[in-house]
Amino acid sequence: MLFDLTGIDPTKVPLDDKETMSIFSSTDALGVTPEQIGSKVGSYRNTRIRNKIRKRNVSRYKTNNI
């Protein structure tokens, strides 16, 4: 689905890249503001971290070890 929407192959996204990991601490890498997506972090819409506790913790601890 991600490939269909973006043209980006998710298996080719480097997980050790600082910009890639920054979605867990800000929205900068996505080129959007927190107000535009309703979240302080870019990983908000990631289905793997969708529940309230995880969203709160990602925002609180700005972790990149998820």
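What percentage of the 66 residues in the chain do buried residues make up? The share is 18%, where buried means under 20% relative accessible area, exposed means over 50%, and partly exposed lies in between (1.4 Å probe, protein chains only).

Residues are numbered from 1 along each chain as its sequence is written, and side-chain values use heavy atoms, with hydrogens and water left out.

**The whole chain**

Select the chain and colour by pLDDT, the predictor's confidence in each residue, from 0 to 100. The mean is 77, and 62% of the residues reach 70 or more. Confidence is highest in helix α3 (residues 34-37), at a mean of 88, and lowest in helix α4 (residues 52-61), at 64. Where pLDDT is low, the predicted coordinates should not be read in detail.

Now switch to a cartoon view. The chain has 4 helices and 0 strands; helices (H or I, at least four residues) and strands (E, at least two) are DSSP runs, numbered from the N terminus. The order of elements from the N terminus is α-α-α-α.

Next, display the surface. The chain exposes about 5400 Å², of which carbon and sulfur atoms supply 53%; such areas come from the Shrake-Rupley method with a 1.4 Å probe, and for residues only the protein chains shown count as cover. Contact means heavy atoms within 4.5 Å. Among contacts between residues at least 6 apart in sequence, 14% join residues at least 24 apart.

**Stop one: T11**

Select T11, in the loop between α1 (2-6) and α2. T11 counts as exposed because its relative accessible area is 66%.

Move to T20, which belongs to helix α2. Apart from neighbours within four places in sequence, T20 is in contact with V13, P14 and L15.

Then select S22, in the loop between α2 (18-21) and α3. Is S22 buried or exposed? S22 is buried, because its relative accessibility is 18%. A polar atom of the S22 side chain lies 2.7 Å from the backbone oxygen of E19.

**Stop three: L30**

Select L30, also placed in the loop between α2 and α3. L30 is partly exposed, with a relative accessible area of 44%. Not counting residues up to four places away in sequence, L30 touches I23 and G42. L30 and G42 are 12 residues apart in sequence, and their C-alpha atoms are 6.8 Å apart. A distance drawn from L30 back to T20, 10 residues away along the chain, gives 9.3 Å between C-alpha atoms.

**Stop four: S39**

Finally, select S39 in the loop between α3 and α4. With a relative accessible area of 10%, S39 is buried. Which backbone oxygen lies 2.9 Å from a polar atom of the S39 side chain? That oxygen belongs to V41.

Note on methods. Predicted model: local features only at pLDDT ≥ 70, side-chain atom pairs only at ≥ 80, totals over all residues. Polar contact = N/O pair within 3.5 Å; in protein donor to acceptor, adjacent residues only side chain to side chain.
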